[in-house]
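Here is a short briefing to read alongside the model. Take a look at the fold first, then follow the points below.

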Amino acid sequence: MQPTILVIDDDAQIRNLIEIYLKNEGFHVLKAGDGLEALDLLSRNEVHLIILDIMMPKMDGIDACLKIREESEVPIIMLSAKTEDLHKIHGLSVGADDYITKPFNPLELVARVKSQLRRYLRYNPSQSRSDQSRIEIGNLIIETKTHQVFVNGREVKLTPKEFAILELLARHQGMVFSSRKIYEHVWKEPMLGSENTVMVHIRNIREKIEENPRKPIYLKNVWGVGYKIE
């Protein structure tokens with residue numbers, strides 16, 4: 001597997017420098033210039049570690065870290081020009097796993113990336129699968145590159161929004177997503193109206209992938225909370 005690292009920094013030179021060193025070690029690299037762009041990339045890609053600058057426009061690293069931790073336990077290494085212990089403690093308290101100050105030695109950063117990845121992949125074996133483009137849950141197979149879904153060997157046709165919802169839940173097996181979170185992930189905008197839009201899509205997905213939509217074995221409802229796939 002080629003782990004994917006998301007580098008988030010508003011300084012393009014720093015992003016590019018980190019990318020060079022990480023690619024030399026065989027990592028796949030995604031880059032974002034602010035927290036909002038990073039959250040969009042995270043919703044569409046499997047990421048195994050995040051390098052996150054604190055001082056950024058639109059959404060800073062602290063707020064981005066808090067948002068990421070609502071959905072994921074992926075390792076986060078924070079970058080900051082602030083060296084005071086108070087800032088380090090703040091960064092670690094909101095969910096970061098490590099903290100490195102600027103200017104930094106790129107080789108030290110790479111070493112910390114490898115250390116965090118070893119720990120993460122050891123205790124999250126599902127993240128070390130060799131083929132992240134295929135998600136298998138029982139007799140349900142989701143091919144994320146070709147946007148195909150198979151149930152018991154039979155292909156079922158989903159709309160783009162239906163596929164996006166199914167992929168989101170399948171990539172986070174066991175995690176419950178509220179209708180609001182599903183909407184914000186898939187539609188990329190705040191949910192201002194009722195939950196009916198998501199409910200209709202969930203019902204349509206069940207009609208297509210469940211043998212008995214009234215007694216789903218894949219896409220389950222956690223009453224009063226949201227939906228999950230197990």
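Predicted model: local features only at pLDDT ≥ 70, side-chain atom pairs only at ≥ 80, totals over all residues.

Residues are numbered from 1 along each chain as its sequence is written, and side-chain values use heavy atoms, with hydrogens and water left out.

**Overall fold**
- The chain has eight helices and 11 strands (DSSP runs, H or I of at least four residues for helices and E of at least two for strands, numbered from the N terminus).
- With a radius of gyration of 19 Å, close to the 17 Å that the globule rule gives for 230 residues, the chain is as compact as a globular protein of that length (taken over C-alpha atoms; the rule is 2.2 Å times the number of residues to the power 0.38).
- Along the principal axes, the C-alpha atoms fill a box of roughly 55 × 40 × 30 Å.

**Burial**
- Of the 230 residues in the chain, 45% are buried (under 20% relative accessible area, 1.4 Å probe, protein chains only).

**Second largest pocket**
- This pocket has a volume of about 280 Å³ (on a 1 Å grid over the protein atoms alone, a pocket is an open set of points where a 1.4 Å probe fits, with protein on both sides within 12 Å along at least five of seven lines; lining residues have an atom within 4 Å of a point; the volume is the space filled by probe spheres set on the points).
- Its lining residues include Met 199, Arg 203, Glu 207, Trp 223 and Tyr 227.
- Helix H8 (residues 196–209) gives the largest share of the lining, five residues.

Key. Buried < 20%, exposed > 50% of the residue type's maximum accessible area, 1.4 Å probe, protein only.
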